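Please brief me on this two-chain model. Keep it brisk and grouped by topic.

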Amino acid sequence: MVDIDIHKILKGKSGNFNLNIKLHIEKGKIIGIYGASGEGKTSLAKMLCGILMPDQGKIIVADQVWYDSEKKINLKPQKRSANLMFQDYALFPNMSVRKNLEFALQKNGDSKIIEDIISIIELENLQHSKIHKLSGGQQQRVALARAMVNMPRLLILDEPLSAIDEEMRIKLQDYILKTHKAYHLTTILISHNISELHKIADSVYELENGSLHQVKAKSNSDNNTSVSGKVVKKTLKPPFVEITIIYGNTHLNFTTRAEKAANINEGQIVTIPEDMLNTDFK
Amino acid sequence: MDWGPLLLTLKLALLTTFLLFFVSVPIAYSLAYSRGKLKPVFEALISLPLVLPPTVLGFYLLISFSPSSVIGEFLNDWIGLQLVFSFEGLVFASILYSLPFMVQPLQAGLSSLPQNLKHASNLLGKSDFVTLFKVLLPNIKPSILTGIVLSFTHTIGEFGVVLMIGGNIPDKTRVASVAIFEEVESLNYETAHYYSAILLLVTFIILVFTFTLNRRLQKNNSLW
């Protein structure tokens with residue numbers, strides 16, 4: 001069980017803003033956090049791991065207090081059974097793929113997991129290569145693997161699958177789910193791909209204006225060929241309507257008949273089949 | 001020709017560089033990761049030897065460590081260490097004098113590493129000490145090489161500090177640079193030529209070797 005109630009003033013593009021996070025996660029659940037860039041998703045991840053200090057509040061994981069501003073408790077990252085997969089991977093360039101994973105293994109850890117995980121991310125042939133020899137997608141797979149090697153109580157994945165192609169992505173989504181279930185991990189998945197979050201997570205939250213609110217899944221969101229995003233613009237082009245949604249850091253347009261889009265408003269999150277998009281987003 | 005001064009210079013440079021590395025790593029590490037208000041003061045203190053005339057440093061060391069001073073008396077009485085006109089004194093003075101040449105490359109190297117490397121290692125349960133030696137230092141090899149070579153060659157080139165605190169005692173403090181000065185003073189140009197040419201050649205070769213290696217380190221990471 002994870003209980004989070006933290007506050008921090010963060011520097012944003014347009015001045016300081018307040019991050020107020022209240023979140024309760026049952027043991028063994030996966031929750032997804034979605035939000036535009038600059039909303040503080042990564043800062044939240046860092047605060048949970050102990051590499052960024054909140055201004056005040058509490059973090060309690062499995063009855064262990066990790067942070068409590070009133071009692072002046074702030075466990076070091078080493079003392080928290082948490083692991084974060086960094087958005088920039090933070091792989092160690094001086095080590096091979098395999099050494100990166102072995103470095104993550106705890107003293108009494110079972111080295112069999114290294115073999116397993118290398119075969120799952122399909123890097124057997126590259127396991128002795130240095131990190132800079134790998135492509136972005138391959139590096140991302142190593143980073144994901146490294147974060148999962150020591151089975152932390154709280155696993156935080158920051159954009160874990162953004163650089164990975166479709167086929168591998170489905171495989172790794174499956175792997176995250178399986179590992180998560182097998183080891184009863186509690187996982188926080190951060191992504192700008194809301195349909196991916198709906199697919200994997202038990203519940204999905206949007207981080208907006210410094211606070212979290214739950215986003216309900218749409219019925220067709222588990223369809224792989226759809227994308228979800230927030231409507232930012234609606235342009236009338238009679239008899240059609242062009243709707244612009246924000247998907248990650250890009251804007252996507254799709255056109256539909258005016259009467260069909262009558263109840264779509266700006267700010268709303270919609271899920272649309274990929275083949276309805278005007279522009280190919282891949 | 002007496003090889004003593006050259007061997008003494010080599011011994012001094014090797015020992016100074018070796019000790020300096022271990023003195024500088026914690027200093028560079030704390031400077032690279034500190035955000036304290038006093039950081040510029042410490043940085044200035046370490047950089048002083050870059051701008052001060054060596055004779056100033058030598059002068060202060062001489063009066064601090066002379067047997068009649070409080071520190072000199074203490075060192076002499078308690079650990080039997082005499083830092084004035086002795087080889088130990090030369091090593092100590094050289095470490096102080098070459099400090100910026102080792103600390104600055106190490107500090108710059110550490111600061112240029114992504115912060116997340118340290119965070120990632122900490123999150124994998126590794127202490128700061130293990131992180132430093134297993135993750136951070138192995139990833140700044142060009143900086144380490146630069147620091148080692150600069151300190152080594154700088155110590156070879158030392159003159160003012162050595163003369164002030166060491167004097168000119170054969171096989172104890174008479175290093176090559178001092179020997180050259182003395183040979184010239186006594187119009188022994190031939191010996192001075194030998195010493196000078198050897199120093200010139202050795203330091204030049206070291207620098208060429210370093211720049212070549214550094215270029216390869218930067219171009220081809222597989223050497224790591």
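A:Ala104 is buried, with 25 other C-beta atoms within 10 Å. A residue counts as buried if 20 or more other C-beta atoms lie within 10 Å of its own, as exposed if 12 or fewer, and as partly exposed in between, with C-beta atoms placed from the backbone. The model is predicted: local features need pLDDT of at least 70, side-chain atom pairs count only at pLDDT 80 or more, and totals for chains, interfaces and linings use all residues. Residues are numbered from 1 along each chain as its sequence is written, while chains are lettered from A and ligands numbered from 1 in the order in which they are written.

**Around A:Ala104**

- A:Ala104 sits in helix α2 of chain A. Helices (H or I, at least four residues) and strands (E, at least two) are DSSP runs, numbered from the N terminus.
- Leaving out residues up to four places away in sequence, A:Ala104 touches A:Arg146, A:Val149, A:Asn150 and B:Leu124. Contact here requires C-beta atoms, placed from the backbone, to lie within 7 Å.
- A:Ala145 is 41 residues from A:Ala104 along the chain, and their C-alpha atoms are separated by 9.7 Å.

**Chain A against chain B**

- How many residues of each chain are in contact with the other? Chain A gives 19 and chain B gives 17.
- On the chain A side, β7 (82-85) and α2 (97-104) are the elements that give two or more residues.
- β7(A) gives the largest share of that side, three residues.
- By class, the chain A side has eleven nonpolar, six polar and two charged residues. Ala, Val, Leu, Ile, Met, Phe, Trp, Tyr, Cys and Pro count as nonpolar, Asp, Glu, Lys and Arg as charged, and the others, Gly among them, as polar.

**Domains of chain A**

- Chain A divides into domain 1 (2-215) and domain 2 (226-276). The bounds come from an automatic or database domain assignment.
- The centres of domain 1 and domain 2 of chain A, taken over C-alpha atoms, are 31 Å apart.
- Seven residues from domain 1 of chain A and nine residues from domain 2 of chain A form the contact.
- On the domain 1 side, three of these residues are nonpolar, four are polar and none is charged.

**Chain B overall**

- Chain B has eleven helices and zero strands.
- The C-alpha trace of chain B spans about 65 × 45 × 30 Å along its principal axes.
- Of the 224 residues in chain B, 36% are buried.
- Among contacts in chain B between residues at least 6 apart in sequence, 72% join residues at least 24 apart.

**Helix pair α2(B) and α5(B)**

- The axes of α2 (residues 39-51) and α5 (residues 87-112) of chain B come within 7 Å and cross at roughly 110°. Axes are lines fitted to C-alpha atoms, for helices over the stretch in contact, and angles run from 0 to 180 degrees between N-to-C directions.
- α2(B) and α5(B) are therefore roughly perpendicular to each other. Angles under 35 degrees count as roughly parallel, over 145 as roughly antiparallel, 65 to 115 as roughly perpendicular and the rest as oblique.
- The crossing of α2(B) and α5(B) is left-handed. Left-handed applies if the near helix is turned anticlockwise from the far one by less than a right angle, and right-handed if clockwise.
- From α2(B), B:Ile46, B:Ser47, B:Pro49 and B:Leu50 meet B:Leu96, B:Tyr97, B:Leu99, B:Pro100 and B:Val103 of α5(B).
- That contact has eight nonpolar, one polar and no charged residues.

**Helix pair α6(B) and α7(B)**

- The axes of α6 (residues 115-123) and α7 (residues 128-136) of chain B come within 10 Å and cross at roughly 125°. That makes α6(B) oblique to α7(B).
- The crossing of α6(B) and α7(B) is right-handed.
- B:Leu117, B:Lys118, B:Ser121 and B:Asn122 of α6(B) make the contact with B:Thr131, B:Val135 and B:Leu136 of α7(B).
- The residues of this contact are three nonpolar, three polar and one charged.

**Positive phi**

- Most residues other than glycine have a negative phi.
- A:Lys72 has a positive phi, near 55°. A:Lys72 lies in the loop between β5 (64-68) and β6 (73-74) of chain A, and is exposed, with 7 other C-beta atoms within 10 Å.
- B:Asp171 has a positive phi, near 65°. B:Asp171 lies in the loop between α9 (160-166) and α10 (176-185) of chain B, and is exposed, with 11 other C-beta atoms within 10 Å.

Technical notes. Two residues are in contact if their C-beta atoms, placed from the backbone, lie within 7 Å.
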